[in-house]
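Hi everyone, thanks for making time this morning.

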Amino acid sequence: MGVSDTRAYAIMAKPVGSACNLRCSYCYYIGKDKLFGRTESMGYDVLKRYISENIRIHGRRAAVEFAWHGGEPTLRGLDFYRRAMELQREYGTGRKILNNIQTNGTFIDEEWCAFLRDNKFAVGLSVDGPEQLHDANRKGVKGDGSFSRAIDAARLFKKFGVPFNVLATVNSVNAGHPAEVYDLASSLSDFIQFLPVVERGGELITVPPGIHTADEDISVTPQSVSPESYGDFLCKIFDIWASRDVGEKFVQMFEAAIGNMTGRPAGICVHEAVCGHTASLEADGSLYSCDRYTFDEYRLGNIMDSPLDELMESNRAFGTHKAELTQECEECRWLPLCRGGCPKDRFLPTADGKYKNYLCAGYKKFFSHIAASVRFVKE
C-alpha cells in the first residue's frame, strides 16, 4: 500500500463564514468580520467544487472527512446539507466519508436530529458549564442566555441517537468552577474538549498572530483565562477524571498529554510538533492556513481558481513555524508535552528576542501535575 493510498487532509469548512445568531462575548469573530472572514453563505457552486476536490485529493484507502464549522453552520439550513450529502454520494462512490458539525445547538430540532442521525454525523455541542456560567458569555443578540436551548439540543441528540461531544471554553468566568463544568459536561457526553479563551486586547488586535511590533500591547481581553487559572482548572478536572472516569470519559487534553508521554500522537494541533494540518475554507472558496489566521497574509488561494491539493501543500511552510521556539522553550522539561502551544498565543517576549506562549505557566502547572501521576500513566 503506497503513501498516496492513505493520504488524508483536514479542512474546516464555514458555510456561513463567521455569521452567528449568538453574540458570545469572547468570540474572536465579533467586531472583526472584515478581518476574520466574510459572512455570506456558501453557494452551491463552491460546495460542489469543495466536495469533489476534497474527495479527489484523498488517498483511495483514506477516510474523507468533512468538518462543518462557523460561525453557526446550521444557519445555512438543512437543504444545503442535504445537497452536500447528494454530492458526497455522487463523487464518493466506494469511499469512506465522515461528517461532523460544530453547533451552539439553538436551531436543533427533531428534523435536524433525524438528518444528522441518518447521515451519521458526529456533532460538537458548545456548553460552557451550568446555566449561570454558560450564559455569562454565551448570549443572543437581545442579551438572552442560550443555556436552555443548548441543553434541549443535547436531550434531542440523545433521543435520536446522534453522537456528540461537548466543547467547553475555559474563560475568566468558569475557570474558577472546574468541578461544576466537568460534572455537567460528563453528564451530557463521554467526549469532552476544553478550549482556553485567549484573546489579545488593545488596539493592535488587527495585527495577525505571529506578526509582532515593537510597541505591541500584550494585554488580553477580560474574558480571557489567566495562565494560572487554566492550569488549576485542568489539574482539578484531571484529578476527578483519574479517580472515577478513566476509560469511561474521553477528555481531549488529557488524552493528548498522555499520548505525548507514551510516544503516541497528541491528536490535537496545539501540542503537536508542527501544525498546518487543518486549513479553513471560507464561504467564497478562499482557503486560509488556519481558522485563527484568516488574514490576507495567510490566504492560500481560492478553490475555484486552484486545485485543492496544491493549496494544501502550500500550507507546509505555515506549519513549520510552530517549531520555531524560544531558548526557554527548547530547554524546558515539558517541551515534549507542550510543543510551545498554539502559535497564535505566543506573544510574551523573552530574553532572546522571541515570543513564548501566554499560557506557559498554566501548561507547566498541568504537565507537572499529570506527570506526578506516574502510576496512572503507566497503567
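Predicted model: local features only at pLDDT ≥ 70, side-chain atom pairs only at ≥ 80, totals over all residues.

Residues are numbered from 1 along each chain as its sequence is written, and side-chain values use heavy atoms, with hydrogens and water left out.

Let's start with helix H9, residues 252-261, and helix H14, residues 360-371. Helices here are DSSP runs of H or I, at least four residues, and strands are runs of E, at least two, numbered from the N terminus. The axes of H9 and H14, which are lines fitted to C-alpha atoms over the stretch in contact, come within 11 Å and cross at roughly 65 degrees. The two are therefore roughly perpendicular, a label for angles of 65 to 115 degrees.

Who touches whom? With contact meaning heavy atoms within 4.5 Å, Met253, Phe254, Ala257, Ile258 and Met261 in H9 meet Tyr363, Phe366, Phe367, Ile370 and Ala371 in H14. By class, that contact has 10 nonpolar, no polar and no charged residues.

Now the cavity, meaning a set of points on a 1 Å grid over the protein atoms alone where a 1.4 Å probe fits but cannot get out; lining residues have an atom within 4 Å of a point. The lining of the second largest cavity includes Glu328, Trp334, Lys356 and Tyr363. H14 gives the most to that lining, with 3 residues. Overall, the lining divides into 7 nonpolar, 2 polar and 3 charged residues. In this scheme Ala, Val, Leu, Ile, Met, Phe, Trp, Tyr, Cys and Pro count as nonpolar, Asp, Glu, Lys and Arg as charged, and the others, Gly among them, as polar.

Technical notes:
Axes fitted to C-alpha atoms, helices over the stretch in contact; angles between N-to-C directions. Parallel < 35°, antiparallel > 145°, perpendicular 65-115°, else oblique. 1 Å grid on protein atoms, 1.4 Å probe; cavity = no way out; pocket = protein on both sides within 12 Å on 5 of 7 lines; lining within 4 Å.
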